[in-house]
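This report walks through one model from its helix packing to its sheet and its chain contact. Please keep the sequence and the structure in view while reading.

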Amino acid sequence: MPPDTQENIILELENIGCLKRLRLEFKPGLNIIKAPNASGKTTIIRGFSCMFSDRIPPSHILALDELNGRIRVHYDGKIYEKTLRRTPSGQVIAQGDMLPFADPRAFNACVALAETGVVHKITGGSAFFRKYLEELSYGNYYSALINTSQELINEYGRKLAGPTFRNFEALPLLLTELTDLHMRREEIQRKIEESRFNHEAKLQDIRNQIERKSSVLSKEEAQLSQLTRNLSLEKEKEEQFQELLKLTEESSEIASSIKRGITSSKENQERIRKEIETQTQLIEKLKKDLQVLRDSLRREEQAGPTALEDLKRQLENLNKMIILKEEEIQRAERFPPDDPEYPGRLVVDVRSEILRKIEWLEKVTGYFQEKYMRRMTSARRRFNSNVTRAFRELGLKGFGNVFLDQDFMLHVMREGGIRQPVETLSASEKLTISLILMLAAKETFLPDFPLFIVDELTLSYDPDRFWRIMNYIKRRVPYLIVTSLTSSLTGNPEVIHRP
Amino acid sequence: MSNTRNAGSVNKVPYIKELERVALNLLRKNPNDKERLKEILENYATRYAREYNIRT
């Protein structure tokens with residue numbers, strides 16, 4: 001961009017670095033600040049820089065032995081002033097105006113100091129320019145957003161990996177275990193019921209047997225009574241026959257008949273006695289059986305259902321285990337009331353809320369990554385285009401192409417397409433590339449910034465090439481300020497103007 | 001203009017332009033205020049995590 005202003009810029013410094021008081025005037029075009037070594041050339045640049053950028057700390061600007069300093073700039077009919085004050089604690093505070101075109105990025109794109117920025121980077125052999133372009137294109141803002149969002153996602157991720165959520169993750173297992181305990185309890189309860197039923201059935205069976213035996217015994221006893229009565233009747237009958245026989249003649253037919261009756265009665269008695277004996281034995285056996293059954297009933301009643309106590313113990317243990325498991329599940333489901341972050345809230349709610357936060361932050365990160373990529377790609381392309389144009393227009397011998405690749409690594413291609421690593425370039429070539437990269441950065445990102453400042457880069461430079469580049473920059477920037485060493489040993493800095 | 005429009009990705013992100021404007025303003029004023037930036041992002045995520053909850 002050709003200079004389109006004829007206004008001079010006046011810079012006044014008071015107690016800045018080694019300069020007590022200085023007034024310089026810059027005109028549109030090339031301004032060369034000439035001064036001997038250690039006379040304050042870099043101090044002037046630093047002082048001037050702090051009127052359009054905050055990259056240099058005020059403590060590096062104010063004279064070490066002074067409490068107050070001042071920088072004043074006359075620009076476009078107005079005065080812009082900044083004061084520097086050293087506090088009792090030694091801190092230096094800057095207050096006042098910034099120039100209307102102030103931009104913090106300008107220090108990296110428009111001020112070429114040997115010890116900082118691009119010049120320092122290139123002379124140090126570095127070829128990585130991502131950060132540089134990030135700052136100039138504000139890609140660093142998106143990068144900060146992405147990083148912060150990612151940090152938050154990681155924080156949430158760590159939170160989800162914490163003990164409370166880990167316990168919650170175990171919830172399905174806990175619920176399965178609880179279901180298993182309930183099933184075991186039901187099984188035990190079923191066994192207890194079964195045992196009680198079986199026992200009752202067994203008792204009932206014995207009682208039925210006793211009843212049946214008792215009934216049979218009664219019948220058999222009745223039968224024995226009948227047999228006993230029959231025996232008595234037969235005895236009476238025999239006695240009656242004996243009485244009759246006494247009264248009857250022995251040889252008579254009646255006596256024979258009575259004798260047969262007596263014999264028959266005796267036989268009957270004998271038979272009945274045998275039957276009584278058999279019946280008595282049967283009754284004895286029945287009584288013994290009954291006694292056995294009654295003993296058995298008593299024993300069973302005393303013993304109770306089989307293994308009931310053991311089953312009851314098992315049931316009791318299972319009940320305790322169920323209570324403990326339910327408490328564990330409650331703990332896994334809910335944050336404790338004294339939890340500073342989520343008192344009493346359900347873990348499932350908090351967890352899904354955190355997951356949704358992560359989901360949103362991932363969407364946000366994706367959006368900003370896309371913006372970052374687009375911004376950086378565009379910045380790189382425009383930057384490369386301006387670098388290529390500068391090399392082409394300057395027609396510098398030895399250079400084919402200089403560009404940043406997609407990883408923002410600087411490639412220096414020699415004529416013939418051979419790539420030369422940055423660290424192997426000569427000192428003069430490094431400076432050439434530094435200045436052209438800065439100019440390209442300025443034209444890409446700060447096209448309206450009116451200044452370009454080059455501080456003492458002539459020491460290791462081919463003068464012809466240096467001034468050729470300066471003249472090229474002069475045509476593109478309203479005010480070009482270059483510091484240069486004079487041969488004299490003393491004297492104040494002065495500005496030589498070349499339109 | 002819809003505020004849900006984004007840089008062309010598939011997923012729509014509600015009020016992302018608003019978030020971008022607020023965050024960039026903060027970074028321009030104070031590029032090192034990461035805590036405030038985190039707070040802005042957290043508030044955004046919390047708000048939409050809850051709205052998402054209501055919708056579903």
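Angles under 35 degrees count as roughly parallel, over 145 as roughly antiparallel, 65 to 115 as roughly perpendicular, and the rest as oblique. Axes are lines fitted to C-alpha atoms, for helices over the stretch in contact, and angles run from 0 to 180 degrees between N-to-C directions. Helices (H or I, at least four residues) and strands (E, at least two) are DSSP runs, numbered from the N terminus.

The model is predicted: local features need pLDDT of at least 70, side-chain atom pairs count only at pLDDT 80 or more, and totals for chains, interfaces and linings use all residues. Residues are numbered from 1 along each chain as its sequence is written, while chains are lettered from A and ligands numbered from 1 in the order in which they are written.

**Helix pair**

Helix α11 (residues 427-445) and helix α12 (residues 463-474) of chain A pack at an angle of about 5°. Their axes lie 11 Å apart. α11(A) and α12(A) are therefore roughly parallel to each other. Contact here means that C-beta atoms, placed from the backbone, lie within 7 Å. From α11(A) come Ser428(A), Thr432(A), Leu435(A) and Leu439(A). They meet Arg465(A), Ile469(A) and Ile473(A) of α12(A). By class, this contact has four nonpolar, two polar and one charged residue. Ala, Val, Leu, Ile, Met, Phe, Trp, Tyr, Cys and Pro count as nonpolar, Asp, Glu, Lys and Arg as charged, and the others, Gly among them, as polar.

**Sheet**

Chain A holds an open sheet of five strands in the order β2-β1-β4-β5-β6, with antiparallel pairing. Two strands pair if DSSP finds at least two bridges between them. β2 (19-26) and β6 of chain A are the edge strands, each with a single partner, so one side of each has no neighbour in the sheet. From one strand to the next, the twist averages 10°.

| Strand pair | Bridges | Opposite residues |
|---|---|---|
| β1(A) (residues 9-16) and β2(A) | seven | Ile10(A) and Glu25(A) |
| β4(A) (residues 68-75) and β5(A) (residues 78-86) | eight | Ile71(A) and Lys82(A) |
| β5(A) and β6(A) (residues 92-96) | five | Arg86(A) and Val92(A) |

Which residues take a positive phi in the hairpins? In the hairpin of β4(A) and β5(A), with two residues between the strands, Asp76(A) has a positive phi near 55°. The hairpin of β5(A) and β6(A) has five residues between its strands, and Gly90(A) in that turn has a positive phi of about 95°. Helix α1 (residues 41-49) of chain A lies across β1, β2 and β4 of chain A. It runs at about 110° to β1(A).

**Contact with chain B**

The contact takes 19 residues from chain A and 22 residues from chain B. On the side of chain A, α5 (139-160) and α10 (347-394) are the elements that give two or more residues. α10(A) supplies the largest share, twelve residues. That side of chain A has eight nonpolar, three polar and eight charged residues.

**Whole chain**

Chain A has twelve helices and 13 strands. Its C-alpha trace spans about 200 × 60 × 35 Å along the principal axes. The radius of gyration of chain A, taken over C-alpha atoms, is 60 Å, whereas a compact globule of 499 residues would have one near 23 Å. That globule rule is 2.2 Å times the number of residues to the power 0.38. Residues 24 or more positions apart account for 74% of the contacts in chain A with a separation of 6 or more.

How values were computed:
Two residues are in contact if their C-beta atoms, placed from the backbone, lie within 7 Å.
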